[in-house]
Amino acid sequence: RGVGAYRAEVQAPPTAAVLSFGGCAFRCLVAVDGVFLADHSGLSPFQVEVPPPEDGRSMRTVVVLADNRFNRKTHPVHQRHYDWYQAGGIIRAVQFHALPTPEALYIAGVEVFPASLSEVGVLVRLSTKAVGRIDIIYRWRFDDEEGAGCRNLEGWGYLEPSEGLKRLDVPRAQPWSPEAPNLHRLKVAMVHEDGDEHLLDCTEVRFGLRTIRASGREILLNGEPLKLFGFNRHDMTDTPVMKYGELVKDVAVLGALGANFVRGAHYAQDQRFLDLCDVHGLLVWEEVLGWQNSIHDFADGIFMLQTLKMADEMAAASANHPSVIFFGFFNEGQSSDEGPAASAAYAAMAGRLRQNSMGTKLVSWGSSAGMDDKHLEHADVCAFHLYPAWYPTRKPVDMEEVQEIPLMWQVMADWVREHYPDKPLLVTEAGAGGLFGHHGPSDVKWTEEYQSLLMQMHFLAIMKNPGIAGLALWQFADFPIDQNVSSEEHRPRGLNNKGVVGLNRQPKVAFHALRLLRQGQQKVGGYSGLILPPEDAPRLAGKLKI
């Protein structure tokens, strides 16, 4: 670990510009033409405004210093104990947008918030120098022809960003859903009125018309009950720099498993992956960087400022993704503490994400505290984690504990119904490890067969329970961990081995079993029992009942 220096030369007109970073970790310092411009910490998309060159040069020099060392003083949002390998540097795309004038006049963002299945609220964010300019007007148009550009503004509507949220009816509106992921487009143009309309900037965004809300035991998408099934997923293979084809493959594999839901762990997701989820109708939980954060973190002003900033950046980047139905934060944080630091931190994060999403996302966090969580009043859904019959990993398998899995989840469902009758219960982590290629009896830990058995028990118990709104198994694919932090006892081979596919997406036994169960669930009269190896079925079938 240390500091890496990136340098690139960009041929561009001698005007102002905007640098867009998809992700740069841990701490990244940005300079252009020797002028320091930004200091960013965490893993979330961000933009940097670039002034015009003083000497009129047409070759711009961009330098990024990326520090991937852990430092509680300067970037406490990255911590050594986080349970995945935290790579540093530029891990997602960087774009250099040259503007047409020396003044930084541009549209910083266009956010579309569905108010119904035919109406949206549009919020246009402007660069600082564009705010209040009376010589600049703004035009908009829905679903313009592909490739039409922004030069011909005839027939475009007018809006005034200073008035805040603009309500607009979407012509020929088509709702978005997993079954029919229809998408609309909106263009917003910034025009300088100087006797003629001179185009300064134009932004096109894609969005979907859908509503999401929690009601009693259910999550309602477009007013209809929705049962979620899917997996947690880290955005990496053996590297966090993923090619587009690898993202396409992940979506295809999730589809083959019958998943309608993916929980992005534990940071803002690659925008290319979210674009694919929009197109393929895959529902997403996206969350702010964090893992098992403590009271010390919640009381740390720098940690909270950086975390709130990441929340703002994630919300702005993902505002228009209809696939993203949840915003999360503080995964497995110390939510059992009801002291002032934790209370203020959970209230602040939930309030910020709820405000930024304007009711178009549900807000929660993955809670390992479960029924001891003291802050569920701030959550739209109760999202619980539990790993029965797995930890501690050295303990031999106890089949009685395996048998109790349905009862454990029923107890939690009953507790949520009693204490939070207006909030659904969602299981956002449950699972077991299975070493890829390691086969053996279905009652021996670390075999693919035992992993399959445990995941099937969770699937059958939760998907058959009307008091639970859905399940995200931990996890989709094996991924690297930091071997300086985790032991071979808990993370053999330098991996978190709980994936139903291996590091390079080869299927394990659990993959095939869950796919068959999901297919059976979606058919009238389909099979809905355990799938065991022939050599284990006679011995175990009588011990396990769902």
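A nonpolar core is a set of buried Ala, Val, Leu, Ile, Met, Phe, Trp, Tyr and Cys residues joined through side-chain atoms within 4.5 Å. Buried means under 20% relative accessible area, with a 1.4 Å probe and protein chains only. The largest such core here has 99 residues. This is a predicted model: local features need pLDDT of at least 70, side-chain atom pairs count only at pLDDT 80 or more, and totals for chains, interfaces and linings use all residues. Residues are numbered from 1 along each chain as its sequence is written, and side-chain values use heavy atoms, leaving out hydrogens and water.

**Cores**
- Phe231, Phe329, Phe330, Trp409 and Val500 have the most contacts inside the largest core.
- Helix α8 (residues 448-463) gives the most to this core, with ten residues. Helices (H or I, at least four residues) and strands (E, at least two) are DSSP runs, numbered from the N terminus.
- A second, separate core of 22 residues includes Val120, Trp140, Phe142 and Met190.
- Beyond its neighbours within four places in sequence, phenylalanine 330 touches residues including Phe298, Met304, Tyr346 and Trp365. Contact means heavy atoms within 4.5 Å.

**The open sheet**
- Nine strands form an open sheet with parallel pairing, in the order β24-β23-β22-β21-β20-β28-β27-β26-β25. Two strands pair if DSSP finds at least two bridges between them.
- The edge strands, β24 (362-364) and β25 (366-367), each pair on one side only.
- Strand β20 (residues 228-234) is joined to strand β21 (residues 261-265) by five bridges.

**Helix α2**
- Phe273, Leu274, Leu276, Cys277 and Asp278 of α2 are buried.
- Their cover includes β16 (197-207), α1 (244-256) and β20 to β23.
- Glycine 281 follows α2 and has a positive phi, near 75°.

**Two hairpins**
- Four bridges join β17 (residues 212-215) to β18 (residues 218-221), which run antiparallel. Two residues lie between them, and glycine 216 in the turn has a positive phi of about 60°.
- Three bridges join β18 to β19 (residues 224-226), also antiparallel. In this hairpin, asparagine 222 takes a positive phi near 55°.

How values were computed: Buried < 20%, exposed > 50% of the residue type's maximum accessible area, 1.4 Å probe, protein only.
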